[in-house]
Amino acid sequence: MSYQRDQPRSSHVLIATLLLFVVADSARADHPRTTDEELHFSDPIFSESPSPDTKIRIDYSLRKETKEERALLHRARIEAEYSPIRWLSFEFDLPYTVADRDEEPNRHNVDDLEAAIKLASFLLEERGILFGGGLEFELPTGNSDNEIGTDRLVEIEPFVDVGVKYGSLEVIGFVAFGLPVNSNAEDSDWELSWNASLLYPLIPRVEAILEFDGERVWGGEEDGETVAHVSPGLKVMPFEDHALAIGSGISLPITNDEEFDLRWTFSVFYHL
């Protein structure tokens, strides 16, 4: 299979999807809702909200690798998301990683840059349901020699998502399929990843979060590996307008195959 020949097809799918959401948004224009009634989902810690937003997010995560690798990975990330219209947003993630490995000097480098287009449909808004999807690109701004990202591979990741509100409970789900577009036989692996989260406000400014995520790999050195994690977390909004939020969570493996022993993340969200 030639991935290069598939890229124009991906562009056609994206254009068709954009047109679909334009038509859907126009169709519901005859039944406008007030801002207070608009369906919106809060951000989990280890995943994303399906709602297009305009926000800045800063993360710091500490990841303890498996015993065989004996390493600590420190990762800082800044995310900027811009939503010019309600059903569309553009997102850019720039991470920086420091690898502290036993018996080796610390290595640090910019990790792979991620850029994404996120779409959402509000056709079922009155029922508390949002569904959408988009396309993410992972660009080779890392350093393969330092084992931090890659300086060669480009990956395209189409995804679909859904959000459902049951009273105060928010349920979110994502499924994504990662496709390397310029790989060779040794590192040609396809990845199916998923994430599900439950969020519930304990009190008006404190939210409890429980997330599950996993990944299945086909091809390459990790062919057949399946990993899954459970991640409890907590998020606090210091001010009444909820524009600023501070959250933290711990992620633990629940499968025999493991990417890491433990991952801790601290996040700051600011909605503009």
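Which residue forms a salt bridge with Arg101? The partner is Glu147, and the closest N and O atoms of the two are 3.6 Å apart. A salt bridge here is a side-chain nitrogen of Lys or Arg within 4 Å of a carboxyl oxygen of Asp or Glu. The pair links distant parts of the chain, with Arg101 in strand β3 (residues 88–101) and Glu147, 46 residues apart from it, in the loop between β6 (129–139) and β7 (155–166). Arg101 counts as buried because its relative accessibility is 13%, whereas Glu147, at 55%, counts as exposed. Buried means under 20% relative accessible area, exposed over 50%, and partly exposed in between, with a 1.4 Å probe and protein chains only.

The model is predicted: local features need pLDDT of at least 70, side-chain atom pairs count only at pLDDT 80 or more, and totals for chains, interfaces and linings use all residues. Residues are numbered from 1 along each chain as its sequence is written, and side-chain values use heavy atoms, with hydrogens and water left out.

The chain as a whole comes next. Its secondary structure comes to one helix and 13 strands, where helices (H or I, at least four residues) and strands (E, at least two) are DSSP runs numbered from the N terminus. Of the 272 residues, 42% count as buried. Among contacts between residues at least 6 apart in sequence, 55% join residues at least 24 apart; contact means heavy atoms within 4.5 Å.

Side chains of opposite charge can pair when their charged atoms come close. By the rule given above, the count comes to 19 salt bridges. One of them joins Lys55 and Glu81, at 2.6 Å from N to O. Lys55 lies in strand β1 (residues 55–64) and Glu81 in strand β2, so this pair ties together parts that are 26 residues apart in sequence. Both Lys55 and Glu81 are buried. They also belong to a network of salt bridges whose members include Asp43, Arg57, Arg77 and Lys118.

Strand β2 takes part in another pairing. Asp111 forms a salt bridge with Arg75, their closest N and O atoms being 3.7 Å apart. Asp111 sits in the loop between β4 (107–110) and β5 (113–121) and Arg75 in strand β2, so parts that are 36 residues apart in sequence are tied together. Asp111 is buried at 11% relative accessibility, while Arg75 is partly exposed at 28%.

In soluble globular proteins, nonpolar side chains tend to be buried together. A nonpolar core is a set of buried Ala, Val, Leu, Ile, Met, Phe, Trp, Tyr and Cys residues joined through side-chain atoms within 4.5 Å. The largest such core has 13 residues, of which Phe41, Trp87, Leu88, Phe122 and Leu130 touch the most other members. Strands β5 and β8 (169–180) each supply at least two residues of this core. A second, separate core of six residues includes Ile45, Leu199, Ile209 and Met237.
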